[in-house]
Amino acid sequence: MNREMEPHIRAIYSEWNSKNLGGVLAAFEALGPGGFTVEYVGSEPIEGTAAVQEMWETYGPSCTTELVHLLVNGNEAAALVHNIIAGETGQTVLPSIETYHTDRDSLRVRYFHRDPAK
């Protein structure tokens, strides 16, 4: 399936920052209408909607994102993202590299990140 990835990827981050879980999920589903997986590199891939909902429950109230750089080449993309976690003593910025790969109507997302507790 040939589709423009960039606007949907940008929508993931803007909808996250707008606190709109439905918009986040819609952007992922636009990239992978046949389904998607999320892999925290070093762990097994998990079903995408469940992964995003868990992310939302854990980080939605306290995290915003800054899309620092996005590269799209064909059916693949890589994003450098700053995850900004609000805490009692200020903000912590956790960088992550996030990749997107579409194949027909499915999407594979991989996150290279550091756990904020470490």
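Strands S3 and S4 (residues 76-87) run antiparallel to each other and are paired over 10 bridges. Across this pairing, Glu-66 sits opposite His-82 of S4. Keep in mind as you browse that this is a predicted model.

- S3 and S4 belong to an open sheet of 6 strands with mixed pairing, ordered S2-S1-S6-S5-S4-S3.
- At the edges you will find strand S2 (46-47) and strand S3 (63-73), each of which pairs on one side only.

**Helices on the sheet**
- Helix H1 (residues 6-17) packs on the sheet and touches S3, S4 and strand S5 (90-103).
- The direction of H1 makes about 175° with that of S3.
- Helix H3 (residues 48-59) packs on the sheet too, with contacts to strand S1 (36-40), S2, S3, S4 and strand S6 (106-112).
- The direction of H3 makes about 50° with that of S1.

**The largest pocket**
- The largest pocket holds about 500 Å³ of space.
- Its lining comprises 26 residues, and those nearest the pocket centre are Tyr-40, Met-55, Tyr-59, Asn-83 and His-113.
- Two or more lining residues come from each of H1, helix H2 (21-31), H3, S3, S4 and S5.
- H3 is the biggest contributor to this lining, giving 6 residues.
- By residue class, the lining of the largest pocket has 17 nonpolar, 5 polar and 4 charged residues.

Key. Residues numbered from 1 in each chain as written. Predicted model: local features only at pLDDT ≥ 70, side-chain atom pairs only at ≥ 80, totals over all residues. Heavy atoms only, no water. Pairing = 2+ DSSP bridges. Helix = DSSP H or I, 4+ residues; strand = E, 2+ residues; numbered from the N terminus. Contact = heavy atoms within 4.5 Å. Axes fitted to C-alpha atoms, helices over the stretch in contact; angles between N-to-C directions. 1 Å grid on protein atoms, 1.4 Å probe; cavity = no way out; pocket = protein on both sides within 12 Å on 5 of 7 lines; lining within 4 Å. Points joined across faces, edges and corners; volume = space filled by probe spheres on them. Nonpolar A, V, L, I, M, F, W, Y, C, P; charged D, E, K, R; others polar.
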